Amino acid sequence: MKAVWQGVVLAESNDTVVVEHNHYFPAESLVREHFRESEHTTVCPWKGTAGYYDIIVGDQVNENAAWYYAGPKPEAMSILGRVAFWKGVDITES
C-alpha cells in the first residue's frame with residue numbers, strides 16, 4: 001500500500017493493518033521529511049488517545065492529516081507503532 005499527497009509518496013508498505021477502514025502503516029515506512037509533530041490529540045473510546053502529524057510537501061501543509069496511538073488500549077495493540085492518514089491523503093495499492 002502507498003500513502004500519497006500532492007503527488008508525493010508519504011509511506012509505502014506491504015504490511016498495513018486495517019482498522020475501521022483505515023490502513024495503518026508501520027512508522028518505519030514513513031518518509032520522515034514530510035512529517036511534523038502536531039500538538040493536536042483526540043480520544044477514541046476503544047483505541048485510546050491519538051497523536052497527530054502535520055504533513056508537509058514543499059510549501060503546503062496538511063495539518064493533522066496523519067495520526068497514531070503511542071499507547072493504545074489493549075484491544076487496539078495491533079496499531080501500536082503504526083500511522084494512518086486522512087484529509088485528502090490517497091491510499092492506493094502499490
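Is glutamate 20 buried, partly exposed or exposed? At 45% relative accessibility, glutamate 20 counts as partly exposed. The points below place this residue and others in context; please bear in mind that the model is predicted.

1. Glutamate 20 and its salt bridge. The side chain of glutamate 20 meets that of lysine 47 in a salt bridge, at 2.5 Å from N to O. Lysine 47 lies in the loop between strand S5 (35-44) and strand S6 (48-57), and glutamate 20 in the loop between S3 and strand S4 (22-26), so the pair ties together parts that are 27 residues apart in sequence.

2. The hairpin around glutamate 20. S3 and S4 form a hairpin with two residues between them. Glutamate 20 sits in the turn and has a positive phi of about 50 degrees. The two strands run antiparallel and are joined by three bridges; valine 17 has tyrosine 24 in S4 as its bridge partner.

3. The pair of aspartate 15 and arginine 82. The structure holds three salt bridges, and one of them is formed by the side chains of aspartate 15 and arginine 82, at 3.0 Å from N to O. Aspartate 15 belongs to the loop between strand S2 (8-12) and strand S3 (17-19), whereas arginine 82 belongs to strand S8 (residues 82-85); the pair links distant parts of the chain, 67 residues apart. Aspartate 15 is partly exposed, with a relative accessible area of 42%, while arginine 82 is buried, at 12%.

4. Arginine 82 in strand pairing. S4 and S8 run antiparallel, with two bridges joining them.

5. The pair of aspartate 54 and arginine 36. A salt bridge is formed between aspartate 54 and arginine 36, with 3.0 Å between the closest N and O atoms. Aspartate 54 is in strand S6 and arginine 36 in strand S5, 18 residues apart. Here aspartate 54 counts as buried, at 8% relative accessibility, and arginine 36 is partly exposed, with a relative accessible area of 38%.

6. The nonpolar cores. The largest nonpolar core has 17 residues, of which Leu10, Phe35, Ile55, Phe85 and Val89 touch the most other members. Strand S1 (2-5), S2, S6, strand S7 (60-68) and S8 each give two or more residues to this core. Apart from it lies another core, of 11 residues, including Val19, Ala50, Ala76 and Ile79. Leaving aside neighbours within four places in sequence, valine 89 is in contact with Ala3, Val4, Trp5, Leu10, Ile55, Asn62 and Ala65.

7. The three-stranded sheet. An open sheet has the order S2-S1-S9, with antiparallel pairing. S2 and strand S9 (90-92) stand at the edges, and each has a single partner strand, so one side of each is left without a neighbour in the sheet. On average, neighbouring strands of this sheet are turned by 30 degrees against each other, direction ignored. Four bridges join S1 to S2; the bridge partner of lysine 2 is glutamate 12, in S2.

Notes:
Residues are numbered from 1 along each chain as its sequence is written. This is a predicted model: local features need pLDDT of at least 70, side-chain atom pairs count only at pLDDT 80 or more; totals for chains, interfaces and linings use all residues. Side-chain values use heavy atoms; hydrogens and water are left out. A salt bridge is a side-chain nitrogen of Lys or Arg within 4 Å of a carboxyl oxygen of Asp or Glu. Buried means under 20% relative accessible area, exposed over 50%, partly exposed in between (1.4 Å probe, protein chains only). Two strands pair if DSSP finds at least two bridges between them. A nonpolar core is a set of buried Ala, Val, Leu, Ile, Met, Phe, Trp, Tyr and Cys residues joined through side-chain atoms within 4.5 Å. Contact means heavy atoms within 4.5 Å. Axes are lines fitted to C-alpha atoms, for helices over the stretch in contact, and angles run from 0 to 180 degrees between N-to-C directions.
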